[in-house]
Amino acid sequence: MTPEQYKQKMQRRKEVQEQRVSQAAEEKGLIIVNTGNGKGKTTAALGMVMRSLGHGFRVAVIQFIKGAWEPAEKAIFNKWGQQISFHALGEGFTWETQDRERDIQKVYEAWNLALTFIRNPDIKLVLLDEVNVTLKLGYLKLEDLLAGLEEKPLNSHIILTGRGAPPELIEKADLVTEMKMIKHPFREQGIKAQPGIEY
């Protein structure tokens, strides 16, 4: 491709892109789902949290299931003070807790707190981390989650992470990303979880 051909190609591409942008005039809060068996669901969501904080928005993070340890991200987000509310409200992996009734109780405690943030129009972004797992395990009822999402103010965003997002949630969402695992160091090489990468 000659420099002139490349320039013409990029000019056409720019025209198409500008037309798409001009047609996308609607603004509304999004329901975002990060699901799939690959790594990066929470990490991608935390990137949006950082971006929102950078814009000066108020943010709430509710971590379901997680909570038996202090997540490193909580330490860094504490520096934002009142701009972020961060709650790790689980008791760890379900194979560690081994108490279904208590797991359900902890999930609903987290869910009830999450609802206060979801309903609050001053909170621009709510991250419900690993909430999809609570649905998959039957700890949180899907109808309760969907009803809660209906209470979201028009311009607020909600991110729901975790593998196994149900079809009804995927249908409700505005943006869905599936992380696909291709290789994993724990499975293929027996490399343990490492700080800064997994936690």
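Good morning. I begin in a loop, the one between strand 4 and helix 6, where Glu130 has its place. Please keep in mind that what we have before us is a predicted model. Glu130 is not a glycine, and yet its phi is positive, at about 70°. Is this residue buried or exposed? With a relative accessible area of 17%, Glu130 is buried, because the limit for that word is under 20%.

Let me now step back to the whole chain. It contains 9 helices and 6 strands. The chain has 199 residues, and 38% of them are buried. Its exposed surface comes to about 12300 Å², of which carbon and sulfur atoms supply 52%. A further value concerns contacts between residues at least 6 apart in sequence: 79% of these join residues at least 24 apart.

In what order do the strands lie? The 6 strands form an open sheet in the order 3-2-4-5-1-6, with parallel pairing. Strand 3, residues 84–88, and strand 6, residues 175–178, stand at the edges; each has a single partner strand, so one side of each is left without a neighbour in the sheet. From one strand to the next, the twist averages 10°.

Some of the pairings can be followed residue by residue. Strand 2 and strand 3 pair in the parallel sense over 5 bridges, and here Val59 has Ile84, in strand 3, as its bridge partner. Strand 4 and strand 5 also run parallel and are joined by 4 bridges; Val126 is partnered by Ile158 of strand 5. Strand 1 and strand 5 are likewise parallel, with 4 bridges between them, and Val33 has Leu160 of strand 5 as its partner. How many residues of strand 5 are buried? The number is 4 of the 5, so strand 5 is largely enclosed by the rest of the structure.

A helix also belongs in this picture. Helix 2, residues 41–54, lies across strand 1, strand 2, strand 3, strand 4, strand 5 and strand 6. Relative to strand 4, helix 2 runs at about 165°.

Setting aside neighbours within four places in sequence, Leu128 is in contact with Ile62, Phe64, Trp111, Ala114, Ile118, Leu145, Ile158, Ile159, Leu160 and Thr161.

Phe86 leads us to the aromatic residues. Together with Phe77 and Trp80, Phe86 forms one aromatic cluster. The count of aromatic pairs is 2. One of them is Phe77 with Trp80, a tilted pair with 6.1 Å centre to centre and 55° between the planes. The two residues can be compared in their accessibility: Phe77 is buried, with a relative accessible area of 2%, whereas Trp80, at 29%, counts as partly exposed.

Glu73 has its place in helix 3, residues 72–77. At 17% relative accessibility, Glu73 counts as buried. Which residues does Glu73 touch, not counting those up to four places away in sequence? They are Leu46, Gln63 and Phe86.

Leaving out residues up to four places away in sequence, Leu113 touches Ile62, His87 and Leu89. Leu113 and His87 are 26 residues apart in sequence, and their C-alpha atoms are 9.1 Å apart in space.

Thank you for your attention.

Notes:
Residues are numbered from 1 along each chain as its sequence is written. This is a predicted model: local features need pLDDT of at least 70, side-chain atom pairs count only at pLDDT 80 or more; totals for chains, interfaces and linings use all residues. Side-chain values use heavy atoms; hydrogens and water are left out. Contact means heavy atoms within 4.5 Å. Two strands pair if DSSP finds at least two bridges between them. Helices (H or I, at least four residues) and strands (E, at least two) are DSSP runs, numbered from the N terminus. Axes are lines fitted to C-alpha atoms, for helices over the stretch in contact, and angles run from 0 to 180 degrees between N-to-C directions. Buried means under 20% relative accessible area, exposed over 50%, partly exposed in between (1.4 Å probe, protein chains only). Accessible areas come from the Shrake-Rupley method with a 1.4 Å probe; for residues, only the protein chains shown count as cover. Rings of Phe, Tyr and Trp (its six-membered ring) pair if their centres lie within 6.5 Å; planes under 30 degrees apart count as stacked, over 60 as edge-to-face and the rest as tilted.
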